[in-house]
Amino acid sequence: MTDHPSSIVVPGQMPDVSERKQARRENWRLIRRRPAFLIGMAILLVWVVCALFPLTIAPHHPLDFRTGLNQSPSWDHPFGTDQTGRDVFSRVIAGARDILRIAPAAAVLGVLFGVILGMLMGYIRGWFDIIASRIVESFLALPVVLVGLLAVTTMGNSAWVVIGVVAALFTPIVARTVRAAVLAERELDYVTSAKLRGESTMFIMFREILPNVMGPIVVELTVRLGYAVFTVATLSFLGAGPPPPSPDWGSQVSDNYSSIVSGFWWRTFFPAGAIASLVISVNMIADSVQSVMEAS
Amino acid sequence: MTIVDMGHGGARSATAGAPALEVDDLNVVYTVRGIDREVLRGVSFTVAPGEAFGLVGESGCGKSTTAYAALRYLPRNGKIVSGSVRVGGRDVTAMSDAALQEFRAREASMVYQDPAQAMNPTLRVGKQVVEAFTVLGHSAPDAAKLALEALRKVRIADPERVMDRYPFQLSGGMQQRVVIAMALACHPKLLVLDEPTTGLDATVEAEVLDLVRVLRQETDAAVLMIAHNLGIIRSLCDRVGVMYAGKIVEQGPSAEVFDSPQHPYTVGLLRSLPRHGVRKTERSLATIPGILPLIGAHLPTCVFVDRCPLADDKCRTEVPPVVALEGDPNRFSRCHHVDRIADIPEPEPGVPITVLSPSADQPGVLELSHISKTFRQRNHAVPALVDVELELGEGETLGIVGESGSGKSTLARAMLGIDAADAGGVLALNGTQVPPSTTERSADDKRALQMVFQNPDSALNRSWSVRRILARSVTKLTGVKGAAANKRVEALAAHLRLTPRHLDLKPRQLSGGLKQRVAIARAFAGDPRIVVCDEPTSALDVSVQAAILNLLADLQSAERTSYVFITHDMGVVRYLADRIAVLYLGRIQEIGPTNEVFNGPNHPYTEALLSAIPSVDGEEKTRIRLEGEIPSPANPPSGCVFHPRCPRAMPGVCDTTEPQLVEVAAGHSMRCHIPFDELGRLQGVPLPTPNDD
């Protein structure tokens, strides 16, 4: 009968490896071949290591201002020193910690709430969807940075406020993507079949449909991470980040950019370059993930 | 019998003169992941001017690749390795890009399966048809005139109006006519038709095929026709090539090939079709064991050897010769054992199925009375089902037929409670009324009524393993959990001839037939009393369809399950169903025992439906043309809803009063003003009864 061994369509794979592992392995193989992914990962890894062990890597303490003021880059201070004599290199390394704590947390929370909201909108439809869609659209019209600043000014500039406000602003964007994916999925017959055997709405949404819309969700997560880095850095540049002595990248740029005209370019250039390298690396990863996910 | 060398000379045309299309020893590969995989393995055939040649075979056999290669129109990873394609004596494989473009514009045309995709949705039909002429060098006013002419030629009654419309405003049949008109614009020497009617309803399909038949007589284009429906090929093509794994294994005049096949694959293909009105209780359908080899598989000798009932050592070591057969000079089979074709074992006898018909003291397992379903569309009521009365006995199969839009699926969904029927109707299981919506039904009611869907890709959750899919249904429907549920899953799988190994795979690792088995297993997880099957085999190849139909019959024999079987395939419904209900515009037009429905006299709509089916048996039938299209259910015609299209409509009666569903013979009812014996007289000789042969 049709239980012939060749009835398995995927050729050349070991039969004892589960399908999910197989698919993951295949995606991993494809993504590893993309130079953009490898470069992005390398840069990100450098920053993660810096965030984990700043004091081990940095040659000086980031708050130590005993060295000379405004020294240009040298062997001792590769990124120079700032107006209080702190080592810019050490401060850039130490600054990775704040942004790599806040941005991923904001992205993950935003995606989590976005998935829940989008799932409800796409699956339940009806009035709930109509009302939620209008709310989502009105949120999409809000300027992220302005709302962020407003929230931080009214609620204080703790890390949690920044995480919360960025997550809240990402939620509708993610919800819209997930809703679209769920709308297509709910029309498939396996959903009908689940209803025919009496599954609950929760079960259908999160056990039946969710695994099938993971592709766009993973893509959304990586893309949101890039935006979160950018948003968090922007907020701290505008003064909504951690208070002054902290070696945060955004505040380093805002503290020093006026001195570029005085010739002290290194005080701004290196923290700004750090932000740019992190945003670009995350976006390179996001692009690679997206194209691999869309291909499969 | 003689063995001839078919080498590079190719098959010679039956007609004298230069062939319009000459495919000679064509080898095509597709490059997949850097490896060249063989798709066509030396395909040779010729088509004379004015001749129609059909290619048949199951999906993946290379018939579409052959069609595309004939126009050198392969996908980017496809490559002609060797061999030649000549159209009108010119080698298409050797043409420069410019010459190829010119060739495609002036000498060859193709009609695709989906007409909607062959047209630009943003341009009016007229503009597109006119363009087909301007590219040939006609001036704009000339092209406009020619376009009107062309649309008239494809029997479009009001071409001016059609030209003013956008493609989406036309029905599928109308779209395909427009595409054919464009294809014929250049008076092609070669017309390639790739499954031109697959997406169309039987009555529309019949019209398009009639059109192709007429146009063939008017032009002298050679037609290369690809279809998986053998009936279409038989009714339209002079000669046919049967393809398997990239090779033509048998070739000859259509009637001869279909009436006395001489290759084991052709025999298997034809026997897997329900033919000559055979029924499930008389004979099971033949299946072809194994599956089609993957593209690029290493097949050094006979391509069919792994699945062939006649295969022996010789078949595994020697390339089969091309055996010329008696009769047509051009007829051949690639087989070592043409003389042993008669030894291929007949299919097994059918299974006994006892039907417990509903009676006064014995309620049916399912009873529907006054079931209607009205959808609301922008505050308009759209009645999709009107006052349906049905009952279903234990172990009985009720076939539901009708064109798309007739309400077949709506009826199924109403029975299952997916889309609850309107208030006022009664739906009863075993004599007890159940709520219209599945969410309000009890666990037992849900368990009793399950469904098998048309497309298993959509019906199975692609991120779940087969085991999880089945176990969840077992647990949810029967309450059995854990190890006991797993045991039941394994028993269920064994019952459906799935091996334990299949249980740990994901649906996409399974072939179409295996997927549908899993879907059937799921429907049977809670020992249902009734299973609604919505076109369960229409997405499958015929040999796989045969296995699924056998399985459904076996399950019914063992479990005494009742089926509601929705289909557009009259052969399948005749094989499987005990009774047939014919739906039109949401109303039952005729319902009766299968034999009586097939033998007639029939409701005029049933008569038209039956006459539209191209039969692989080549039975002569008078075609009844249906004028116009199915009206919108939102705005049904007055009187009898069928009267605007009915060839037998009586003015003054049919357009004013809606006929009632009246029992005309025992268990046979229809909705028609014409008296039953009058219908019998009008319809003349009844169709052959299934018990005649």
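Helices here are DSSP runs of H or I with at least four residues, strands are runs of E with at least two, and both are numbered from the N terminus. With that in hand, read along the sequence of chain A: the pattern is α-α-α-α-α-α-α-α-α-α-α-α. The count for chain A comes to 12 helices and zero strands.

This is a predicted model, in which local features need pLDDT of at least 70, side-chain atom pairs count only at pLDDT 80 or more, and totals for chains, interfaces and linings use all residues. Residues are numbered from 1 along each chain as its sequence is written, chains are lettered from A and ligands numbered from 1 in the order in which they are written, and side-chain values use heavy atoms, with hydrogens and water left out.

Start with chain A as a whole. Its C-alpha trace spans about 80 × 50 × 25 Å along the principal axes. Of the 296 residues in chain A, 44% are buried. Buried means under 20% relative accessible area, exposed means over 50%, and partly exposed lies in between, using a 1.4 Å probe and protein chains only. Now take the contacts in chain A with a separation of 6 or more: residues 24 or more positions apart account for 69% of them. A contact means heavy atoms within 4.5 Å.

Next, look at how helices pack. Two packed helices are described by the angle between their axes and the distance between the axes. The axes are lines fitted to C-alpha atoms, for helices over the stretch in contact, and angles run from 0 to 180 degrees between N-to-C directions.

Find helix α2 (residues 35-52) and helix α4 (residues 88-124) of chain A. Their axes come within 7 Å and cross at roughly 95°. That makes α2(A) roughly perpendicular to α4(A). Angles under 35 degrees count as roughly parallel, over 145 as roughly antiparallel, 65 to 115 as roughly perpendicular, and the rest as oblique. From α2(A), the residues A:W47, A:V48, A:C50, A:A51 and A:L52 meet A:V92, A:I93, A:A96, A:R97 and A:L100 of α4(A). The residues of this contact between α2(A) and α4(A) divide into nine nonpolar, no polar and one charged. Here Ala, Val, Leu, Ile, Met, Phe, Trp, Tyr, Cys and Pro count as nonpolar, Asp, Glu, Lys and Arg as charged, and the others, Gly among them, as polar.

Move on to helix α8 (residues 189-196) and helix α9 (residues 201-209) of chain A. Their axes come within 11 Å and cross at roughly 140°. That makes α8(A) oblique to α9(A). On the α8(A) side the contact is made by A:Y190, A:V191, A:A194 and A:K195, and on the α9(A) side by A:I204, A:E208 and A:I209. The contact of α8(A) with α9(A) has five nonpolar residues, no polar ones and two charged.

A pair of aromatic rings is described by the distance of the centres and the angle of the planes. Rings of Phe, Tyr and Trp (its six-membered ring) pair if their centres lie within 6.5 Å; planes under 30 degrees apart count as stacked, over 60 as edge-to-face, and the rest as tilted. A search of the whole structure finds 17 aromatic pairs over all chains. In one of them, the rings of A:F203 and B:W464 have their centres 6.1 Å apart and their planes at 85°, so the pair is edge-to-face. This pair crosses between chains: A:F203 sits in helix α9 of chain A, and B:W464 in the loop between α15 (456-459) and α16 (466-478) of chain B. Both A:F203 and B:W464 are buried.

Chain B holds another pair. B:Y244 and B:Y265 are tilted, 4.6 Å centre to centre with 55° between the planes. B:Y244 lies in strand β10 (residues 239-244) and B:Y265 in helix α11 (residues 264-271) of chain B, so the pair ties together parts 21 residues apart in sequence. B:Y244 counts as buried at 1% relative accessibility, and B:Y265 counts as buried at 0%.

Finish with two loop residues. A:R125 has a positive phi of about 55° although it is not a glycine. A:R125 lies in the loop between α4 and α5 (126-140) of chain A. At 35% relative accessibility, A:R125 counts as partly exposed. B:E195 has a positive phi of about 45° and is not a glycine either. B:E195 is in the loop between β8 (190-194) and α8 (202-218) of chain B. With a relative accessible area of 10%, B:E195 is buried.
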